[in-house]
Amino acid sequence: MRRGLLVAFAFAASVLLVTAPVGSATQGSDELVVGAKQTTASDFAGASLTNMSVTEAGSGASVTLDSGGTVDDFDSATLSNYGGSTGSASIQSTIARSGSALEISSSGGDTAIASTSGLSHYPPQGSTWTTWTRLAEAGSRGGVLFGTQSASNPTQNTYAAFYNADSGNLVISKWVDGSYAALEKTSISPTVGTWYQLEVEWTTADEITVSLLTASGDIVGTASATDSSFQSGGAGYFTNPGSAGSASMFYDSSHLVDGDVSSAVYLGGPMEVDDVDSGWINLSSLSDASAQITWQHSLDGGSWTNVSSTTHTTSGNFSTSEPLSGSGMWRVRVDVSVTGSDPMASIADDGILFTNQAPEVTSPGPTGTIHTNEPDFSVYVDDPTFGKAQGESVSLRWYVDGELRHTTPVSNPSKVGWHPTISSGNHTWHVVAEDQYGTTTTLADQQISVEHFAPTITNATPADGAQLTERKTTFSVTVSDGDVAYDGDTLTGTVFVDGESVGSSSRSSNGTITVNETIGSGGEHSYHWEVSDSYGKSDSMAARTVSIPSEIRIYNESAPTELVDGASVKIQMYVDESGSPEVFVRNTSDGKVNMTGLPASKPFVAVADADGYSTRRIFVPSLYESQSLYLLPSGAEKVDTIFKIADYTGDFPSESTVLLVQRSLNGSYQTVAGDYFGASGQFPTQLAYQERHRLVLMNVETGERRVLGTYTPLASQTATVRVSPNGRVEQMNTSNSVTIQPSTTRLPALNGTTLQFAIPKSSGPWRATASTSTATLLNSSVESGVSSRTVDLRGYAGETLTVSVTRNGTVVATTDYTISETTSTPTLLSSLSSLTQQIPAPNRGAFTGFIAVMTTVFVMGAVGGLRTSGAAVGVTGVLVLAGFSTIGWVGYDLVFVAGVALVAFGGLRRGL
């Protein structure tokens, strides 16, 4: 209640001022606040008391007029003001000195009840207290408690005075934090069932004297002790059965027996406050008495001057009659004069008020954009009361986005900082400074934006388009981030190959991040880096292309989907044989050979040897492209073929020209053999018998590539690839090939017509046949070498004769002839045909073409000499060429070109 009166008084005495901003802060109004006060037992310990005592303890203490009075006569028949073992206590009137008495029963140990509030009086220091007591059983003991600190736990902290019928002692003792200690005792001989008066005298000098008196006033015994454990407190009663096992004790008429006083003085302790405004004192009770309140001032505590005085006859909260001012020391004196028979006077508190000014908050920082999640917030805090006698403390509360995050105490003018952790983005922060008197100053919201730097990527390796010689690749990149200089940062770089993450690494400083990764497959791959930091920022680079050495996969050509993984294969790779030759050897048993370690950007020839397979070699244009090498099993039927080149253009020199022999495998043409023609101008190989192949000619220096067409090996032979001046590329079978003579397209319908067969030295069996649509004229076996057979063509004029050579039932060569009526005189065509057989096969085409052209020129000259027209001469030339084309000496394309030229010249002459 008295606290409420104090607050109400402070509000009533406050002065309303206009709030003025300080910098970017809003200050609270100046107001009256408490500079010093006396309200607790420890505060009142500094007061000088005459005929007054401090009652109760802690913040509930007050200073009360000393006078006789009843503590409890137990006639109210209630124990509502008591705590402790109230269940073992009762009010009864059977055994009592007068009216009713208290009975406490115990079956073991100390059974106690106590009161600290609610009774009219409590025994204070400086008083004498008497209580009538009666033991009910021999061997038991009991007495009173005083200075008791807790009603709910009476024997925790208290003094006790009791007598013991068992041992015959009068005892002064105490309990401190539940621990019992006897202070003094004296021997007595009490009688059970007899009323004794137990008297306790407790002086302000901490002296305790306990006496036991009979009803007639005789002293049974006295004990004295000095102790300062308690200076105030409540009162109580206790019983202990002792050796009786169970016992009861009775209490009656508990009174303070000090003599009545006519006056009393309270001289409060000095209170040092600067810039005071006024003082107050709270007389919580005042009856049958008057109180003169005098306020005194001293500069140094030595000499005191009265500055204000008022007299009151009723209780209340009273301020100074005149405003106080200045600094120094202040105190209040209360002179109490008794005016009635039952005087009461109590002081709850007193104190000094002064005008308090709000704290000042300036120089806030940081504001705007920052680059750290752990900023150093700071403000400068001052307060007009700092350094004053009454002292000042300021509580500085830090708010981020409206949320209280931290509190800092401030006791002097200073720059105050706080180091929070906040998230990235936009925030507001402010502080509220509140002094110990509740006056506040609020700093306006400060705007900040936490922004972080994004990492950057530079100096990535390998370079774009790099051709590497190993599959194990070192990827590196230089990363940097501005956040490293602030809160620090962790930069994590991840390298992606063909869109898949293959590794990552982190660092906490700017520098190089490296990832070593083995790329499983050869060929061209794309890679890029992505770098992220601790704050969710990232950077990435454009994809780059690198080439990784591929591998050669070795297949069984007879089962082209099966790797040769059951045999040991040795592969020798020949690089730059015409310059600085290098040979690399690899061995494998699983059908796979990697091409790591070979020089980049150089083609090479790979030669494979394996038990159970024929040796094969292929041309590998790049070690970055996956290659397939097909081995023919030793038991597979094969044909030895030697390819030669005759280049009349200079576009395909033998030392830089490669022939690729391809075969249709697994749905597409695959290179089964390939090599340079080299210094000898030839490339020998073995090809699967009677399988369709395709020949591709390629100049590895210029990149020019020409597809020759298909080729089906039927017998071991030499094949020449001719590149003619007109740009055509032709493949001609020569030595060791099957030929049929004569080479004319017509045969006379005569008996004994000779057919000639040239068979290579290869395993057979070989068979020659000749037939028309109506009859078979020849069906004979032939041997390797040159064989002749005759046929009878009489009667077959006008029909076509088909002559064929087969090997193992397969046709390897065939020629069609037209059978015509003839005389015995040989024709020009037949004579010319016979002549051509005398020319070696490699030069036969060039020779027959030359003869055909020269003959045409002579014939045209002869016709021109007959003075015929130019058109007639031209027609003659075309007709002669057409004749030569029928026997295969020139191609039909030459006849076509000559005819077109003839028509064009004729048109030009006529002005068309």
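Is Arg 617 buried, partly exposed or exposed, and what is its relative accessible area? In this predicted model, Arg 617 has a relative accessible area of 26% and is therefore partly exposed. Its salt-bridge partner is Asp 675, with a distance of 2.3 Å from N to O. Arg 617 belongs to strand β53 (residues 616-620) and Asp 675 to strand β57 (residues 668-676), so the contact ties together parts that are 58 residues apart in sequence. Asp 675 has a relative accessibility of 7% and counts as buried, because buried means under 20%.

The structure holds 13 salt bridges. Another of these joins Arg 663 and Glu 691, whose closest N and O atoms are 3.6 Å apart. This pair links distant parts of the chain, with Arg 663 in strand β56 (residues 657-665) and Glu 691 in the loop between β58 (682-688) and β59 (693-699), 28 residues apart. Arg 663 counts as buried at 13% relative accessibility, whereas Glu 691 is partly exposed at 31%. Both residues also take part in a network of salt bridges that includes Glu 557 and Arg 616. A further salt bridge is formed by Arg 794 and Asp 792, with the closest N and O atoms 2.8 Å apart. Asp 792 counts as partly exposed, with a relative accessibility of 29%.

The structure holds 24 aromatic pairs. Phe 146 and Trp 202 form an edge-to-face pair, with 5.5 Å from centre to centre and 65° between the planes. Since Phe 146 lies in strand β12 (residues 141-148) and Trp 202 in strand β16 (residues 195-202), the pair ties together parts that are 56 residues apart in sequence. Phe 146 is buried, at 1% relative accessibility, and Trp 202 is buried with a relative accessible area of 1%.

The ring centres of Phe 162 and Phe 238 are 5.5 Å apart and the planes meet at 80°; the pair is edge-to-face because this angle is over 60 degrees. Phe 162 is placed in strand β13 (residues 158-164) and Phe 238 in strand β19 (residues 234-240), so parts that are 76 residues apart in sequence are tied together by the pair. Both Phe 162 and Phe 238 are buried. Elsewhere, ring pairs link Phe 74, Tyr 82, Trp 129, Tyr 237 and Tyr 251 into a cluster.

Arginine side chains also lie over aromatic faces. Arg 331 is positioned over the face of Trp 304, at 4.2 Å from the ring centre. Arg 807 lies over the face of Tyr 689, at 4.7 Å from the ring centre.

Note on methods: Residues numbered from 1 in each chain as written. Predicted model: local features only at pLDDT ≥ 70, side-chain atom pairs only at ≥ 80, totals over all residues. Heavy atoms only, no water. Phe/Tyr/Trp six-rings, centres within 6.5 Å; stacked < 30°, edge-to-face > 60°. Helix = DSSP H or I, 4+ residues; strand = E, 2+ residues; numbered from the N terminus. Buried < 20%, exposed > 50% of the residue type's maximum accessible area, 1.4 Å probe, protein only. Lys NZ or Arg CZ within 6 Å of the ring centre and 35° of its normal. Salt bridge = Lys/Arg side-chain N within 4 Å of Asp/Glu carboxyl O.
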